[in-house]
Structures are given as structure tokens and as C-alpha cells.
Amino acid sequence: MKTPDLFEHERIGQREFLGPQAVVLRGFALPRVEALLPALALLQTASPFRHMVTPGGFTMSVALTNCGPLGWTTDRRGYRYSPLDPDTGQPWPAMPEVFAVLAREAAAAAGFDDFQPDACLINRYLPGARMSLHQDRNERDLGAPVVSVSLGMTATFLFGGLARADKAIRIPLYHGDVVVWGGVDRLRFHGVLPLKDDPHPVLGRQRINFTLRKAG
Ligand code: MD3
Ligand code: FE
């Protein structure tokens, strides 16, 4: 059965469960967008978005950067978390307070108390960019949840099972939506379909997604 389309004002505040411990909090980040955007702009001046190469030798269509004590990186040698930005040789920019507070509140709203992220991976999608099906399993403590914040253009998110071949459902993620997943849903395969070129009134022709994690 297809989920009916709702107007934005009807979606805000809804909770949609994707699994027993995976929930979309519609519009949860909206009250903080005005604080999030300048913090995002500032951290990019220290560690700009860049396209990294996967161990298989493909350049990612999504551009990324990080903030916080640890940042996720990939190159021909593999995926890992590192305290230094490989492009600048410097530590990643500090995690803005508003990111940490938002993540903590979203995690609590989803039933994960006392979430203290030490890593924030920031993805930038331009039209056509996509993320193929994968699991997030580079974090040391898989008992901690992951909190994701979507800003800008709407993306279609793919949410699969614990095996790559499991059928994935498609869910739109809108500007201001927050997804929290942990526990039995922590290792679900997921991805993002190629971004449609449909400019957003605030962010223009891009989508920013950032994920807060306990990596170390
Ligand atoms: C994972 N980012 O950075 S986050 C990633 O929109 C990543 O940029 C995507 O996957 C993005 O690693 C998706 C949203 C999300 C939502 C629910 C999940 C990821 C999930 C449930 C289980 C596992
Ligand atoms: Fe992921």
C-alpha cells in the first residue's frame, strides 16, 4: 500500500516507524534550521566538502566533510574514522553545540537516553548524486544509535533488511526530517536514490544530510 502524500503542515510532528527501533521524526529539526545553517557554513570553511574514493576505486557522487573529534573517511585502503582531515592534516572542526543538542533530543525522543556523539559525517547531494545500499558498521559501539538530519531537497531513502538482498522500502526524507535508528535496526542496509533536481526554497539545488554517531 502506498503512503498518501501529506501537506508539510500535516507531516510535521509525525513519527513514522521504519522498524522496531528506527523512526522518522518529521520536521524535528525545523525549529533549529536557522542555527544549523550558519554553523554548517562555518565548518565548511575549515574542512570543505570533497569527493572521496572508495576502496573499490570509485569516486563517490556524494561530497562529504565531518565535524567533531572523529570523522569518517574512505580511500583505496579502506573506510575508517580519523581524528584528522586527510586533506588539511588538521583536526576536523569542532561539533557545533546545536548539532549535539539536536542529536541528543532526537535520540531521547526515539527512546535512546544519554546519546553522546563523537563524530558527525556531513553529506552533500547535488542533483543526480546517490548513495548505494550499505551498512554503517565502522563505529566501535554498535549499541549507540545513529541520528540523521536532512536539509534541503527531498530525497528518496531506501531502507532494507539485515541482508543486502532483502527487499528495501522507499521513504521520502524532507527538509527538517530526523531519522534515529539503533538496537535491532542498527545494521539495516540503506541507501539514497539519485537526487531529483527540484530546487528547495532555502537550500537551493542541494540536499545536506548529517549523521551523528558514537564512533570511538
Ligand atoms: C541506516 N546517509 O551517511 S541517513 C550515511 O541520507 C548515510 O545521506 C544517508 O547512509 C543520507 O551513512 C542516509 C538516514 C538513515 C535512516 C535510517 C536508517 C540511515 C539508516 C536505518 C538503518 C540504517
Ligand atoms: Fe549509512
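**Cores, cavities and a pocket**

The second largest cavity is lined by Glu8, Arg11, Ile12, Arg26, Gly27, Leu30, Tyr174, His175 and Asp177. A cavity here is a set of points, on a 1 Å grid over the protein atoms alone, where a 1.4 Å probe fits but cannot get out, and a lining residue has an atom within 4 Å of a point. The model is predicted, so that local features need pLDDT of at least 70 and side-chain atom pairs count only at pLDDT 80 or more, while totals for chains, interfaces and linings use all residues. Residues are numbered from 1 along each chain as its sequence is written, chains are lettered from A and ligands numbered from 1 in the order in which they are written, and side-chain values use heavy atoms, with hydrogens and water left out.

The volume of this second largest cavity is about 40 Å³, a volume being the space filled by probe spheres set on the points, which are joined across faces, edges and corners. Its lining comprises three nonpolar, two polar and four charged residues; Ala, Val, Leu, Ile, Met, Phe, Trp, Tyr, Cys and Pro count as nonpolar, Asp, Glu, Lys and Arg as charged, and the others, Gly among them, as polar. In total there are two cavities of 30 Å³ or more. The largest cavity, with a volume of about 40 Å³, is lined by Phe157, Phe159, Trp181, Asp185, Arg188 and His190.

The largest pocket has a volume of about 700 Å³. A pocket is an open set of points with protein on both sides within 12 Å along at least five of seven lines. Among its 35 lining residues, Met60, Trp72, Met131, Ser132 and His134 are the closest to its centre. By class, the lining has 15 nonpolar, 13 polar and seven charged residues.

Attention now turns to the nonpolar cores. Such a core is a set of buried Ala, Val, Leu, Ile, Met, Phe, Trp, Tyr and Cys residues joined through side-chain atoms within 4.5 Å, where buried means under 20% relative accessible area (1.4 Å probe, protein chains only). The largest has 32 residues, and Phe99, Ile122, Val147, Phe210 and Leu212 have the most contacts inside it. Leu212 touches residues including Met95, Phe99, Ala103 and Val147, not counting residues up to four places away in sequence; contact means heavy atoms within 4.5 Å.

Notes:
Buried < 20%, exposed > 50% of the residue type's maximum accessible area, 1.4 Å probe, protein only.
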